[in-house]
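This report describes part of a protein structure for a reader who is new to the subject. Please keep the sequence and the structure in view while reading.

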Amino acid sequence: YVLMGAGIPREIPGVLDGLAVHRPVSLRLDVEGPAGESPDLIHFDPAAHWPEGVPAPLNRPKFLPIIASSSLARMLHKKSTGRIDGWIIEAPTAGGHNAPPRGKLQTNEAGEPIYGERDVVDLHEVAELGLPFWLAGGTGTSQGLQEALDAGAAGVQVGTLFAYADESGIDPILKSRVLRKAARKGGLPVLTDLRASPTGFPFKVVEMEGTNSEAAEYEARSRICDLGYLRTAYRMEGGRVGYRCPAEPVKTYLAKGGTEEQTEGRKCLCNALMADVGHPQVREDEVERPILTSGDELQRIGVFLQGRTSYAASDVLEYLLAGVLAPAQAANG
């Protein structure tokens, strides 16, 4: 399976179709600034890497775009370059990046975006497209799973509970800190930060001391962009393509044609997320700190923990399926 969101992945299905049979493929590269004489495309020809003949076709993975509106589902269903196999419908309560609210932006006292009725996906419209769908964000409970099934979903996508399970890749020390604190308090606060992500999308940040979620901690960090996973392409003078990130040093970003306003509040997520999984960059003067991201369910994870400070993925499955399997088993005698 390939799951993709944070944009409109219209071309990806066609790329998967082509790669499965070793055909040359191309993908449009979005470049900020004046448009060139022709679209900027990335080309790849698998045959160039098989000098002794093209091998047998591969199993084409299924493609599930992550969407936050029924209108996007309709557009992708109509205009995608290849086969779509289903939908992940993500609510703004999900961890990581969220879609911005539709309509005029309004914020609460904490500066978080306020979502309304326009941001609720019409499941009936999605179902009419005839493909299976899974609900994500706020569905990590037995009740959430049952409600999703009742609404016609094939199931749910759960991130937060699995993220802190024994088997997850989060640094064990960091994971233990989160669970010990959450077990005492019933959960941890999660902020939907409008400025943190260099992408410009709202980003869920777990508010916890000792991490770069704290403004003072992050301001003490040397501003540097040396991984560049979230860089964007821009048109340089003369037409060449360069790369920049609003979380890089301000002077560097300005020299590349960016504005100071675009850099305000931006945080280096690339380094922070590497620190989350126990691989922080170590420099002469500092060690990168993590920035944890989780769905809003981390604020209520105490209901699941029941005082525990560790658990396995199998515990999550048992918790999710308990209310769904029990009625079915009872009905079958």
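## A sheet, its helices and one proline

Across strand 5 (63-67) and strand 6 lies helix 2 (residues 70-79), which runs at about 150 degrees to strand 5. The model discussed here is predicted. Helix 4 (residues 142-150) lies across strand 7 and strand 8.

| Helix | Lies across | Angle |
|---|---|---|
| Helix 2 (residues 70-79) | strand 5 and strand 6 | about 150 degrees to strand 5 |
| Helix 4 (residues 142-150) | strand 7 and strand 8 | about 130 degrees to strand 8 |

In general, the strands of a sheet pair through backbone hydrogen bonds, either parallel or antiparallel. Here, five strands form an open sheet in the order 1-5-6-7-8, and the pairing is parallel. Strand 1 (2-4) and strand 8 (155-157) each have a single partner strand, so one side of each is left without a neighbour in the sheet. From one strand to the next, the twist averages 25 degrees.

Within this sheet, four bridges join strand 6 (residues 87-90) to strand 7 (residues 133-136) in the parallel sense. I89 has L135 in strand 7 as its bridge partner.

The proline P290 is found in the loop between helix 10 (269-276) and helix 11 (302-305). Is P290 buried or exposed? P290 counts as buried because its relative accessibility is 13%, and the cut-off for buried is under 20%. Beyond its neighbours within four places in sequence, P290 is in contact with several residues, among them L174, G210, A272 and D276. A275 is also a contact of P290; their C-alpha atoms are separated by 4.8 Å, although the two residues are 15 residues apart along the chain.

Methods: Residues numbered from 1 in each chain as written. Predicted model: local features only at pLDDT ≥ 70, side-chain atom pairs only at ≥ 80, totals over all residues. Heavy atoms only, no water. Helix = DSSP H or I, 4+ residues; strand = E, 2+ residues; numbered from the N terminus. Buried < 20%, exposed > 50% of the residue type's maximum accessible area, 1.4 Å probe, protein only. Contact = heavy atoms within 4.5 Å. Pairing = 2+ DSSP bridges. Axes fitted to C-alpha atoms, helices over the stretch in contact; angles between N-to-C directions.
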